[in-house]
Amino acid sequence: MIPVAVTTWHNEEENRCFLEDGYVMAMEQVGLLPLLVSPALSPSAAADILDSARGLLLAGGDDISPLYYKQQPLAGLEYVDARRDELEFALAAEALKRKMPIFAVCRGMQVINVAMGGTLVQHICQSKPDAMQHRQNSPQWHRHHQVTVRPGSLLAQALGEGLVGVNSTHHQAVDEVAEGLIISATTADGMVEAIERANPWLLAVQWHPERMWQRYPEFLQLFRLFAQACQGEKG
Ligand code: MN
């Protein structure tokens with residue numbers, strides 16, 4: 001199995017971190033060994049962590065401090081886990097420097113966009129009142145809204161091009177896309193739902209494939225593409 005570093009959720013009050021089984025089980029299915037990284041680790045450990053890995057998966061989670069993208073906090077910003085931010089921006093910078101494959105989910109997509117110089121919408125309902133509902137009130141695997149997948153993209157290799165139904169549990173979104181990345185999926189309300197680049201390999205999605213693949217196997221293909229990219233790396 002190919003070792004890959006995976007970031008985790010963090011609960012400051014309870015002093016513990018956690019990760020949903022859906023990530024771990026999907027990675028095992030495609031031959032990846034997830035090395036779970038706790039935000040209790042110091043950011044200075046980032047290089048050592050990635051020395052042990054051949055890829056980085058930035059998982060879903062809470063909000064990012066807007067100071068990272070040079071904005072002040074607006075009403076509607078939710079819980080910010082400062083320690084997780086510190087560790088993940090250190091990991092993202094190190095992985096980018098090493099040209100390591102990066103797969104990013106939900107918060108992870110926001111982290112990588114900001115790490116590369118992009119910005120976020122802090123609270124969709126407030127900044128874009130005409131936007132559709134992006135926080136579903138239904139089972140987490142449910143295809144809540146559709147996205148349009150860009151032909152010829154990495155994403156299209158996994159999901160096909162055109163309209164694809166995905167889940168949606170976010171209240172923030174990518175605003176300005178970082179230089180060097182292309183938008184590979186959008187919603188009808190103009191929200192960015194996936195960004196990527198082919199080389200060095202980077203794929204980021206705003207939805208949660210780890211909650212969908214057991215019901216809709218095409219979402220496992222996202223993890224498989226990541227595994228193939230990691231396999232291409234010298235171990
Ligand atoms: Mn959405």
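Along the chain, the donors of the manganese ion follow the spacing H-x10-H-x22-S-x1-H-x22-E. In this predicted model, the ion is coordinated by His134 (ND1), His145 (NE2), Ser168 (OG), His170 (NE2) and Glu193 (OE). These donors lie at 2.2 to 2.3 Å. The site links distant parts of the chain: His134 and Glu193 are 59 residues apart. His134 sits in the loop between helix 5 (124–127) and strand 8 (145–149). Glu193 belongs to strand 12 (residues 192–197). Both His134 and Glu193 are buried.

Gln122 is placed in the loop between strand 7 (120–121) and helix 5. Gln122 counts as buried because its relative accessible area is 2%, under the 20% cut-off. Its side chain makes a polar contact with the side chain of Gln71, at 3.1 Å. A polar atom of the Gln122 side chain also lies 2.8 Å from the backbone nitrogen of Leu74. Beyond its neighbours within four places in sequence, Gln122 is in contact with residues including Pro66, Tyr69, His171 and Gln172.

The largest nonpolar core holds 41 residues. Leu155, Trp207, Phe219 and Phe223 have the most contacts inside it. Several elements give two or more residues to this core, among them strand 1 (2–7), helix 1 (21–29), helix 6 (154–159) and helix 7 (220–231). Helix 7 gives the most, with eight residues. Leaving out residues up to four places away in sequence, Leu155 touches Val149, Ala194, Leu203, Val205, Trp207 and Leu222, among others. A second, separate core has 32 residues, including Ala5, Ala53, Leu58 and Met116.

Conventions:
Residues are numbered from 1 along each chain as its sequence is written. This is a predicted model: local features need pLDDT of at least 70, side-chain atom pairs count only at pLDDT 80 or more; totals for chains, interfaces and linings use all residues. Side-chain values use heavy atoms; hydrogens and water are left out. Donors are N, O and S atoms within 2.8 Å of the metal (3.2 Å for Na, K and Ca); water is not among the atoms, so sites may look incomplete. Helices (H or I, at least four residues) and strands (E, at least two) are DSSP runs, numbered from the N terminus. Buried means under 20% relative accessible area, exposed over 50%, partly exposed in between (1.4 Å probe, protein chains only). A polar contact is a pair of N or O atoms within 3.5 Å; within protein, one must be able to donate a hydrogen and the other to accept it, and residues adjacent in sequence count only if both atoms are side-chain atoms. Contact means heavy atoms within 4.5 Å. A nonpolar core is a set of buried Ala, Val, Leu, Ile, Met, Phe, Trp, Tyr and Cys residues joined through side-chain atoms within 4.5 Å.
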